[in-house]
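Here is a briefing on one protein model, grouped by topic. Please read it alongside the sequence and the coordinates.

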Amino acid sequence: MTRPKTVTNPIDFGRAALPVRNRVFSGLVDVRSILVCILLLLAALTVSVVSLATGDYEVTVPQVLQAFTGDAPGLAQTIVMEWRLPRVLGALLFGAALGMGGAIFQSMTRNPLGSPDIIGFNTGAYTGALVVMLTVGGGYLGVAAGALVGGILTAIAVYLLAYRRGSQGFRLIIVGIGISAMLAAFNHWLILQAELEAALAAAVWGAGSLNGITWEQAAPAAVVVVVLGAATLGAARRMQLLEMGDDAARALGVRAEPTRLLLLVLGVGLTAAVTAVAGPIAFVALAAPQLARRLVRSAGITLVPSAVMGAFLLAASDLAAQRLFAPIQLPVGVVTVCIGGIYLVWLLAREARKS
């Protein structure tokens, strides 16, 4: 007597995925996520080419492409490679850093309002930079170090004040909002006590601006962003497991609090690296992860789509800041605040309807 053959069909979860196996990563990659990232990257690159071509001195798109090979006319070569490219690359890398930083904190807090803007880490980095600018009077490296130290100290304060048998997401947000309000008041006091020229420079920088950024500023920040971004991608799997809850994460071999502290340092480092160069750019870290999540239609926060969305948002916002009132150039933070304010109102209304 022969046994009937058992036919096993693969389980269909309704989403196409590609298997990937190598020394770095092994698992399934969602096809929709790949397509969304490719389209967003193409959109960001298109905006970047337009930014390189437009300005007081118009450069054609073929000349922009020739500049990368060194074949553009002399003046066009200088304008594209020396004057405009640092700003464009800064917008792409800083937007990606803010997107990843926002994704980290929204994943940790399991709340769409969990962002460096809301929790206060941007404000803390700004405080550290202000202390250096207005009291010590250091150059770029001093301001960068001050922003990094200010962001890390703010993160430590929020983490310790929110800690009670573990750091819960909602408590982190509430404590962070309180710390942010106090630091914002302290920042205003510092500016009011400073001399007029220093206070005006600090206030403009505090709006978040990519105006006048050079290779000397962009290159070190880019290295920091790339290193921290790679470390964040390495911790992505543990971050996703933490979203399941501490008990489930521990059962799967993840040490909850050390991992959360590592993610906190990485998120603050990404935010502070941007703040050190461009000032506190608001709302990109808040909006990018949620917009990417809706496009990808994922159950949780994903790092790579959030980074690409952040790059696109900041590149598009910077182009708008340059051209909306040309020849006057606005700080990019003014544009992101306008866009982010509309998004925040929509998000709060949506959360209110859900509850």
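**Aromatic pairs and overall layout**

At 35% relative accessibility, phenylalanine 186 counts as partly exposed. Buried means under 20% relative accessible area, exposed over 50%, and partly exposed in between (1.4 Å probe, protein chains only). This is a predicted model: local features need pLDDT of at least 70, side-chain atom pairs count only at pLDDT 80 or more, and totals for chains, interfaces and linings use all residues. Residues are numbered from 1 along each chain as its sequence is written, and side-chain values use heavy atoms, with hydrogens and water left out.

**Overall**

- The protein has 15 helices and 2 strands. Helices (H or I, at least four residues) and strands (E, at least two) are DSSP runs, numbered from the N terminus.
- Of the 355 residues in the protein, 49% are buried.
- Among contacts with a separation of 6 or more, 71% come from residues 24 or more positions apart. Contact means heavy atoms within 4.5 Å.

**Aromatic pairs**

- The structure holds 2 aromatic pairs. Rings of Phe, Tyr and Trp (its six-membered ring) pair if their centres lie within 6.5 Å; planes under 30 degrees apart count as stacked, over 60 as edge-to-face and the rest as tilted.
- Phenylalanine 105 and phenylalanine 121 form a tilted pair, 4.9 Å centre to centre with 55° between the planes.
- That pair links distant parts of the chain. Phenylalanine 105 is in helix H3 (residues 74-109) and phenylalanine 121 in helix H5 (residues 121-136), 16 residues apart.
- Phenylalanine 105 is buried, at 1% relative accessibility. Phenylalanine 121 is buried too, at 2%.
- Phenylalanine 186 and tryptophan 189 form a stacked pair, 6.0 Å centre to centre with 20° between the planes.
- Phenylalanine 186 and tryptophan 189 are 3 residues apart in helix H7 (residues 169-193), so about one helical turn separates them.
- Tryptophan 189 counts as partly exposed, at 46% relative accessibility.

**Asparagine 187 in H7**

- Asparagine 187 also has its place in helix H7. Its relative accessibility is 4%, so it counts as buried.
- Leaving aside neighbours within four places in sequence, asparagine 187 is in contact with Thr123, Tyr126, Thr127 and Leu130.

**H3 against H9**

- H3 and helix H9 (residues 215-234) pack at an angle of about 30°, with their axes 10 Å apart. Axes are lines fitted to C-alpha atoms, for helices over the stretch in contact, and angles run from 0 to 180 degrees between N-to-C directions.
- That angle makes H3 roughly parallel to H9. Angles under 35 degrees count as roughly parallel, over 145 as roughly antiparallel, 65 to 115 as roughly perpendicular and the rest as oblique.
- On the H3 side, the residues that meet H9 include Met81, Leu85, Leu89, Phe94 and Ile104. On the H9 side, they include Trp215, Ala218, Val225 and Leu233.

**Arginine 87 in H3**

- Arginine 87 lies in helix H3. It is buried, with a relative accessible area of 8%.
- Not counting residues up to four places away in sequence, arginine 87 touches Leu210, Asn211, Ile213, Asp318, Gln322 and Gln329.

- Helix H13 (residues 284-296) has 13 residues and should span 18 Å at 1.5 Å a residue; its end C-alpha atoms are 18 Å apart, which agrees. The expected span is 1.5 Å times one less than the number of residues.
- Buried residues in H13 include Val284, Leu286, Pro289, Gln290 and Val296.
- Phenylalanine 283 sits in the loop between helix H12 (256-278) and H13. Its phi is positive, about 75°, although it is not a glycine.
- Phenylalanine 283 counts as buried, at 16% relative accessibility.
- Arginine 297 follows H13 and lies in the loop between H13 and helix H14 (303-323). Its phi is also positive, near 60°, in a residue other than glycine.
- Arginine 297 is exposed, with a relative accessible area of 58%.

**Alanine 155 in H6**

- Alanine 155 is found in helix H6 (residues 140-162). At 5% relative accessibility, alanine 155 counts as buried.
- Not counting residues up to four places away in sequence, alanine 155 touches Phe121, Leu264 and Val268.
- Alanine 155 and proline 116 are 39 residues apart in sequence and 9.6 Å apart in space, C-alpha to C-alpha.
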